[in-house]
Amino acid sequence: MMSLTGKYAVGILLTFTILAAAMLYAFPAVIMITGIKGITEVNFFLSRIVLWIILILVFLYTIFIEKSVFLLKEEKKYSAAFYVKAVLSLYFICLIGGGILNAVILFFIEEKISTKLLNLVPIFRNNYFLVIFTCLTAAIVEEFLMRGYVQSRLEKIYNSPTVAIVISSVLFGILHSTYGTISQVLGPFFIGIVFAVFYNKRYSNIKILIICHFMIDFIAMMMMNFMDIKHLSVF
């Protein structure tokens, strides 16, 4: 019989593999199923539903295979004022750090805006439902899977918070490589490090990460509605 550590390892591998496959093939698969060609609101919405299905599958894996709880770290409770302070602190750390990282990348590499990102801009223009749904999906699914599930189990496997933080952040960055730019890999990697450190060392509260992740994506996407994307950073 497989040990619990082995089940953790299989769960991490399956989670990353399925997420990577979804990033690469969910949209083409949706196009085949719907018969609607091109990047449309409907196709993109359905591709986000795939991510929710993956979260449900991993949740079921923890119940029936691991026979464990999804979040291995006990959620700490905080006051409303603390949530506001923590979310804003995280947001500005990611904003400032991400801005510096982006400037360094642009200094060494003449990198163009992601073609995939440019192709997505029209479907989000003034479509506030899709913007909110997309941001909620990214925030909830990615934080539960990458920090809540993967990071906590890596820590159990290696008995090292540092190793768990680094590996989970590397995987988080790789998952964003489908955007086709170095910035879209290093940016999420940096955010992954910040979130992982704060989740492990400071807050032990997934809701703070979800709210901050939502803020980062939502503000960036709302700016896309009012500005030329070429004037935005990779975040």
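Here is a walk along helix 5 and the places around it.

Analyst: Happy to. This is a predicted model, so local features need pLDDT of at least 70 and side-chain atom pairs count only at pLDDT 80 or more, while totals for chains, interfaces and linings use all residues. Residues are numbered from 1 along each chain as its sequence is written, and side-chain values use heavy atoms, with hydrogens and water left out.

Let's begin with the charged pairs. Side chains of opposite charge can pair when their charged atoms come close. A salt bridge here is a side-chain nitrogen of Lys or Arg within 4 Å of a carboxyl oxygen of Asp or Glu. By that rule the count comes to 4 salt bridges. One of them joins the side chains of Glu66 and Arg153, at 3.0 Å from N to O. Because Glu66 lies in helix 2 (residues 41-66) and Arg153 in helix 5, this pair ties together parts that are 87 residues apart in sequence. Helices are DSSP runs of H or I with at least four residues, numbered from the N terminus. Both Glu66 and Arg153 are buried, where buried means under 20% relative accessible area, exposed over 50%, and partly exposed in between (1.4 Å probe, protein chains only).

Glu155 has a partner as well: Glu155 and Lys73 form a salt bridge whose closest N and O atoms are 3.5 Å apart. Here too, distant parts of the chain are linked, with Glu155 in helix 5 and Lys73 in the loop between helix 2 and helix 3 (80-108), 82 residues apart. Glu155 and Lys73 are both buried.

A further salt bridge stays inside the helix. The side chains of Glu143 and Arg147 meet at 2.7 Å, N to O. Both residues lie in helix 5, 4 residues apart, which is about one turn of the helix. Glu143 is buried, with a relative accessible area of 0%, and Arg147 is buried with a value of 0% too.

Next comes Ser152, also in helix 5. At 4% relative accessibility, Ser152 counts as buried. Its side chain makes a polar contact of 3.4 Å with the side chain of Arg153. A polar contact is a pair of N or O atoms within 3.5 Å; within protein, one must be able to donate a hydrogen and the other to accept it, and residues adjacent in sequence count only if both atoms are side-chain atoms. Leaving aside neighbours within four places in sequence, Ser152 is in contact (heavy atoms within 4.5 Å) with Leu72 and Arg147.

On a 1 Å grid over the protein atoms alone, a cavity is a set of points where a 1.4 Å probe fits but cannot get out, and a pocket is an open set with protein on both sides within 12 Å along at least five of seven lines; lining residues have an atom within 4 Å of a point. Grid points are joined across faces, edges and corners, and a volume is the space filled by probe spheres set on the points. The structure holds 1 cavity of 30 Å³ or more, and about 30 Å³ of space lies in the largest cavity. Its lining is made of Leu19, Met23, Glu142, Met146, Phe172, Leu175 and His176. Helix 1 (4-34), helix 5 (128-158) and helix 6 (161-175) are the elements that give two or more residues to that lining. By class, the lining divides into 5 nonpolar, 1 polar and 1 charged; Ala, Val, Leu, Ile, Met, Phe, Trp, Tyr, Cys and Pro count as nonpolar, Asp, Glu, Lys and Arg as charged, and the others, Gly among them, as polar.

Ile165 lies in helix 6 and is buried at 6% relative accessibility. Asn225, in helix 8 (residues 206-226), counts as buried at 10% relative accessibility. With residues up to four places away in sequence left out, Asn225 touches Phe124, Arg125, Asn126, Tyr128 and Val131.
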